[in-house]
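Reader: I have not seen this structure before, and I would like to go through it with you. Could we begin with how its parts pack together?

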Amino acid sequence: MVLLGTIVNGAAIIAGTLLGKLMHRIPDSMKGTVMHAIGLAVVTLGLQMGFKSENFLIVIISLVVGAVIGESMGLEDKLNAVGGWLEQKIGSNEKGSISKGFVTATLIFVIGAMAVLGALDSGIRGNHEVLYTKSIIDGFTSLILTTTLGIGVIFSAVPVLVYEGAIALFATQIDRFVPQELMDQFIHEMTSAGGIMIFAIGLNLLGITKIRVANLLPGILVVALIVSGMYLYNG
């Protein structure tokens, strides 16, 4: 079921929000330890995916070129700016409790490498591992957000389902236009490049680094271009 990972992600957000309404006080030490545990798990998942490459030179070039494109476009800064603008606008609303919870949670859950990479993996390979991992992170995060922002967090499950579901469904149609051999090559290199980005997300969760992962996302497109170019050249 191609949308299974997406559905689990949405359900985790809803469950986390409901638990957050019941748990008003969570010790900071517990929050920190749980987030560190999740960070370690994400790092491990990223490493496993990173070793899937059959031509690591493609991955290196894609990440470097993708980083240049992402930084030039200022993807992460623009996303943060949009988030700040939305929060500022909705924060002035009289119904700001539900609105702010919805917007803040949506920005956290939708904007990120794991949402894109996980949905692509679900659609192309039928592998939901990335979205399952993201579900655990989002579920715990929604729990924490609900204790401070209220029940509005629960509504963020809707854009998550729409966004990730659309990407996953689109990814299932790629094989109708792309030869199987080319698709297999792309999957290997996309998985590896995506794994390195997920590894970076894990390091960020652990507080070790502050890597601007969103600026690396164009690397996935670069992978597709390089693999396609090599396939046509060799063909």
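Author: The axes of helix 9 and helix 10 come within 9 Å and cross at roughly 150°. Axes here are lines fitted to C-alpha atoms, for helices over the stretch in contact, with angles running from 0 to 180 degrees between N-to-C directions. Helices (H or I, at least four residues) and strands (E, at least two) are DSSP runs, numbered from the N terminus.

Reader: Before we go on, what kind of model is this?

Author: It is a predicted model, in which local features need pLDDT of at least 70 and side-chain atom pairs count only at pLDDT 80 or more, while totals for chains, interfaces and linings use all residues. Residues are numbered from 1 along each chain as its sequence is written, and side-chain values use heavy atoms, with hydrogens and water left out.

Reader: Thank you. How are helix 9 and helix 10 oriented to each other?

Author: Helix 9 and helix 10 are roughly antiparallel, because of their crossing angle. Angles under 35 degrees count as roughly parallel, over 145 as roughly antiparallel, 65 to 115 as roughly perpendicular and the rest as oblique. Helix 9 passes helix 10 in a right-handed crossing (left-handed if the near helix is turned anticlockwise from the far one by less than a right angle, right-handed if clockwise).

Reader: Which residues make the contact?

Author: From helix 9 come E181, L182, Q185, F186, E189, M190, A193, G194 and M197, and from helix 10 come I220, V223, A224, V227, S228 and Y231. Contact means heavy atoms within 4.5 Å. By class, this contact of helix 9 with helix 10 has ten nonpolar, three polar and two charged residues. Ala, Val, Leu, Ile, Met, Phe, Trp, Tyr, Cys and Pro count as nonpolar, Asp, Glu, Lys and Arg as charged, and the others, Gly among them, as polar.

Reader: And F186, what does it touch?

Author: Not counting residues up to four places away in sequence, F186 touches I124, T191, I220, V223, A224 and V227.

Reader: Changing topic: how many residues are in the largest nonpolar core?

Author: The largest nonpolar core has 38 residues, and those with the most contacts inside it are L120, I124, F186, M197, I198 and I220. Such a core is a set of buried Ala, Val, Leu, Ile, Met, Phe, Trp, Tyr and Cys residues joined through side-chain atoms within 4.5 Å. Buried means under 20% relative accessible area, exposed over 50%, partly exposed in between (1.4 Å probe, protein chains only).

Reader: Which helix gives the largest share of this core?

Author: Helix 9 does, with ten residues. Apart from this core lies another, of nine residues, among them F109, L145, V153 and A157.

Reader: What about G50, is it buried or exposed?

Author: G50, in helix 2, is buried, with a relative accessible area of 10%. Leaving aside neighbours within four places in sequence, G50 is in contact with F56, S192 and G195. G50 and A193 are 143 residues apart in sequence and 6.4 Å apart in space, C-alpha to C-alpha.

Reader: How do helix 1 and helix 8 cross?

Author: The axes of helix 1 (residues 4–22) and helix 8 (residues 157–172) come within 9 Å, crossing at roughly 165°. Helix 1 and helix 8 are therefore roughly antiparallel to each other. In this contact, T6, I7, N9, G10, I13 and I14 of helix 1 meet A157, V160, L161, E164 and G165 of helix 8.

Reader: What does I167 touch?

Author: I167 lies in helix 8 and touches V116, A119 and L120, not counting residues up to four places away in sequence. The C-alpha atoms of I167 and L120, 47 residues apart along the chain, are separated by 6.3 Å. At 18% relative accessibility, I167 counts as buried.

Reader: Finally, how many helices and strands are there in the protein?

Author: The protein has ten helices and zero strands. Of its 235 residues, 46% count as buried.
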